[in-house]
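Dear colleague,

I am handing over a structure that you have not worked with before, and I set out below what was found in it. Please read the notes with the model open beside you.

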Amino acid sequence: MNNGDPKVTADLERIFQGLGAGKELEAVRTLCLRSDPYSDFSNTDGEFVSAMQEITAWHGKRNPFYAEWMRRSGFSPVELRTAADCAKVPWVMASFFKAHETLSIPQEKVSLTLTSSGTTGQKSQVLFDPWSIGAPQGMLDRIFQRNGWVTPNTPTNYLLYTYESAPDSKLGTSFTDNYLCRYAPIRSVFTALRRNGTGGHDFDFFGCVEKLRQFSDEGVPVRIFGFPAFLHFTVKKMADLGIPPLKLHPDSLVFLGGGWKGHAGKAITKRDLYAQVSSQLGIPDARLRDGFGSVEHCIPYVECRNHEFHIPVYSRVFARDVKSLAVLSRGERGFLHFVSPYITSMPAHSVLMGDLASVHDAGECGCDVSTPFFRIHGRAGTSKNKSCAIAAAELLGRESTGGRS
Amino acid sequence: MMAKRAKGSIHHLWRGQAFGDDTIDTHLEGLHADLLEIAGTRLPLGTVLDACGRLGAEIESGNAFTIELRDSLRSVGAFTDSEIDEGIQGIAEFLRVPNLELKIRRELQGGAPEARDPLDPRREDPRSEIFEAWAPLGFLVHVASANAFSVGVLSMIEGLLVSNVGFLKLSRGDGDFPLLLLRRLAEHDPTGRLSNYIYAARIGSDEPSRLEKVFREADGIAAWGGEDGIEGVRKLAPAHARFVDWGPKISFAYVSKSALQDVALLSDGLRAIAREACLIEQQACSSPQVVYFETSSGHGPSLEEMAESLFKLMTEESRKIPQIQPGEMEQAEITATLELAREEACLGLTQVFANENARVILERKSGLRASPLFRTVWVKPLAREKIVETLRPLRNYLQTAGLLCDRAEYGELTGKLAQAGVLRTTPPGRMLESYLGEPHDGVYALARYARRLSFQAGGLAGSLSRLGELDIPPVSTPSKEPTVPILTKEGFQSLPIPEGGADLYFKSGGSSGKAKISVFTYEDYHTQMEFAAEGLRAAGLDPGRDRCMNLFFGGGLYGGFLSFFSILEKLRAVQFPMSAHPDLSFIREVIVEHRVNTLLGMPSSITQLFSEEGEALAKYGGVKKIFYGGEHFHDLQRKHFQEKFGIETIRSASYGSVDAGPLGFQCEYCPGSVHHLHSGLHDLEVVEFERDFPVRQGEPGRLLVTVKRRRGQAIRRYEIGDTVREVLEPCPCGRTQPRYELLGRHGDVFRVGATFLNFQRFQRTLQERFEYPHEFQVRIPATKGAAREQIIVTIVDSSHLDPHTVRQALLDSDHDLSEAVLQDRALEVLVCSVPLEAFERTGGSGKLIRVVDERGRKS
């Protein structure tokens, strides 16, 4: 929407000015406002390095924790020369933000607090100023635009596999899913995880089926967003009940986000889900997409038609050895490390995620997006049921993977 | 959906037999019908124990099967060789019969010393008519985690000990190990019954319908593993199944204020903690993951100093122990934990000490945390006042505390730890140790795998001690292994006494002045006394009413007095432990004053008491029951007692001997010398007189005794010297224990005058003293109520020996004989010389009958 939409760009410009950063974050501003999310990836390296120098200095100056962490790491932003050097920017574990609130802006500038949608344990409290949330939203707008999913003239029915929000909801997922409804005019919205009046939510399977039938009859595009597990449950249950496959409008879109963890800890494979959704709802495979992001790192990663997560120009992604934390070569798997200068509110510009991932060259995918991509290989850390001692680690309630911003 | 490839070659076991995956669905269809037939039925405990014992012995032998087991674990690729060896050794140890028996006694019998069948309903109070027993849940499904390869198998065996039909649910990633082991267990049961109780299958999480078919039949589900795994199983478990969860646990060490002040205690204790934090890469639930220090500012060492010392010691200890490298996920966990702690150090919350050998993370918050393991511990402060509030929220996960403190603090600290939910407290360095019969995570497993039943039998209880006395006995399979030779008296004496098999020494006869000794463990002894008590009740002793005086001999290693003390105690009967006291008038006084109605003793003692104090006792008239042992109570005597003193019941207290233990008992329907066999304790065989062949059922022969479970001298096919005949008619009392009629003694060793004498010893005396070359014969006449029994040694008149000289020589050279004749005056020995033709011989071959026992003959 702001891809060439001067109004939105102007809005973001105004938000940026609100930071009062002056020239301190000039490169950050330029990078984050780049209109094409994927083109000229390597040509943006210089701008990216400058932006990272700026943001690292920003946090070093304003955040005592990060200043100490830089000191202990023996790091100075002037060391950054190449995009590869950005892997050296002292990273903070995503789990750090779950336990500690650490701000690089005055408290009064915090405009939004998001809690990641983890199932157990401490919840992430990630704090944003208008720029830190506005910048990634702008990026998402541009990615949707590039995919041709911004259709202001096509009324659309929405099925959201997300929590029906209470007026004061702080859950990141609900925030995002409602945000996603802006790219096509709302004809109707149905939220599958409905408030049950006692503070919780119940999954309304029959409501979903009813709505899907109705959407099918109405013959207008449908957009389905939210947790894969519940969509999976819906299509599986439909098949179990012998409900005949529906034929939703071919321009319908499924855009998922959240953990790929189903009921009773059973992982669903993406491939299986896509196949079932295709056959049960009649949406073509190329319009079934997953998104990866998290409250701790809000840059949107959206699957291409080949279902790979390409890296937009706004960030750089590394995989790091699980023992030495050294940066790994293409294709090798290790900790997922995100680097992006977009965030001013907290030192989350270099975040080590609790996921295992590998980074691949663009050529391995073969789609029309010419940037490298990464693949997720599950949680990093001790697997479930390993031993009673190890499993006890679970009692600390580690966060589920891939929550969405 | 593509199934993952199974790692093993056996897919499932059905009734103990191995199958491939093509038959699983057919089998599952038949499961319901299988279980209707078998679930809830009793599997004889002996069958399970025997099979376990044999399997354990085989594993320890290291034969080809053991190698196969080891290879099956190696091929999984998840275990080191030392883990495999230790695991297999642990299983063999678990399977040892005495260990299993101890487990049963601890977990199902409150530690009672007797070996009992816990599934046999027995009177919880011997004076009441209420019976209780454990019973299987029925069909018990075990869901084990793949990482600990022995857990599922051991859980299955625990289930089998209480007759559950077991189903071990494996995943496809499991190797063949559990299947090989369980199949082998079934093969070690010659009766073939055990296999009906053994099922196991690989069922993946993507085969919910198969799992659902199994769960639907379950009476119990035991789940092992991580929290999520257990929760997943819990959700699938049907409401009618008892859910037994064995979830994750976490352990820690605690170093008290006083220990911090005591330099020697602290340095030894810290080293022990350091070592234990390196052993087995902290893979056990009992490995320390957190070390708490009761530090206080201003006093003693600081938390930083302690963390540093511990790190130094862990580094040292770690170098001594070969390291197992963590896998990718474990390494990621370690890295992430350390990395986060390093970041938190910037906030002053933590301090990280790490090298290649060990890792210590100091954290100022007290909350219990799981360590990423592989030689990593958290060091945290924890004041004793905060123990409960800090730890109690995690009570479901707490297991072991390795406690370093002084004695004055021990009570307070163990109390607080227990209040917080800690289940085990050990000294530091011994957190990993366990002991036989130890509760598992706060409970006894067997009780969770069983139900408790009660039977209010009312008048039907009669003189039964166990309802099992009415059971249809399992087809008796006495050890007829041809390799087991008959055990003679002499053989018995030379039996080796096994290590740890001798707690109690009793005299069981003796010749040439040297006492013959029988040895028992306390368990053996109490088991035997339990059965003897059962026999005494059957014989007519009523523990609720009778007031009993124990008149048996005691002291000098004799078993009589003590045994009957134990027997009466087990019956909870009123007892006057008099023993064969010389002051007969005192005995009489006590009887009369305290309304004693039941006497237990040797016939000779009782006869003597009544002949001395008869008048007063006749006047009292309250003695109604006599239970005797050691000697025969002759018919004439019996009649005399009944008529003159109004005694209503005169019965053998127990049929048995010191060495073989109680063999049988007489119920009210057992006439003469007919006895029920304690079939729970022994297997009996009857073999022909001249050949070691079983007699035809009901024919007389020599009695051989095999004691089923005894840790002292192993009694197998012991020829105790009695001639018996099995009584084939069922007993009107309802008991199904087989009955035998005692026909007298047989063989060279014979029992007379309360002692054992040996024909061969007589022969040796005659040869040595008189160079006597002829045959001779010993006759034991039926003495019919005489005070003393008699033996007549008949020699050939052509030898021209003087009977008086021979008699003296026999007495001089046979200690047992002279003791019985001269000292105890229970026996008379005569020597007479007769013509050769007068000797009694066998009908067929005309062989000399060396000992002619006329006591059992019908006159």
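A crossing of two helices is called left-handed if the near helix is turned anticlockwise from the far one by less than a right angle, and right-handed if it is turned clockwise. In this model, which is a predicted one, the crossing of helix 20 of chain B and helix 21 of chain B is right-handed.

The axes of helix 20 (residues 584-593) of chain B and helix 21 (residues 603-620) of chain B come within 10 Å and cross at roughly 25 degrees. Because angles under 35 degrees count as roughly parallel, helix 20 of chain B is roughly parallel to helix 21 of chain B. On the side of helix 20 of chain B, the residues that meet helix 21 of chain B include B:Leu584, B:Ile587 and B:Ile591, while those in helix 21 of chain B include B:Leu609, B:Ala616 and B:Tyr620. The residues of this contact divide into eight nonpolar, one polar and three charged.

For helix 13 (residues 328-345) of chain B, the 18 residues should span 26 Å at 1.5 Å a residue, and this agrees with its end C-alpha atoms, which are 25 Å apart. Among the buried residues of helix 13 of chain B are B:Ile334, B:Leu340 and B:Glu343.

As for chain B as a whole, its secondary structure comes to 25 helices and 37 strands, and its C-alpha atoms fill a box of roughly 110 × 70 × 60 Å along the principal axes. Of the 859 residues in chain B, 46% are buried.

Methods: Residues are numbered from 1 along each chain as its sequence is written. Chains are lettered from A and ligands numbered from 1 in the order in which they are written. This is a predicted model: local features need pLDDT of at least 70, side-chain atom pairs count only at pLDDT 80 or more; totals for chains, interfaces and linings use all residues. Axes are lines fitted to C-alpha atoms, for helices over the stretch in contact, and angles run from 0 to 180 degrees between N-to-C directions. Helices (H or I, at least four residues) and strands (E, at least two) are DSSP runs, numbered from the N terminus. Angles under 35 degrees count as roughly parallel, over 145 as roughly antiparallel, 65 to 115 as roughly perpendicular and the rest as oblique. Two residues are in contact if their C-beta atoms, placed from the backbone, lie within 7 Å. Ala, Val, Leu, Ile, Met, Phe, Trp, Tyr, Cys and Pro count as nonpolar, Asp, Glu, Lys and Arg as charged, and the others, Gly among them, as polar. The expected span of a helix is 1.5 Å times one less than its number of residues. A residue is buried if 20 or more other C-beta atoms lie within 10 Å of its own, exposed if 12 or fewer, and partly exposed in between; C-beta atoms are placed from the backbone.
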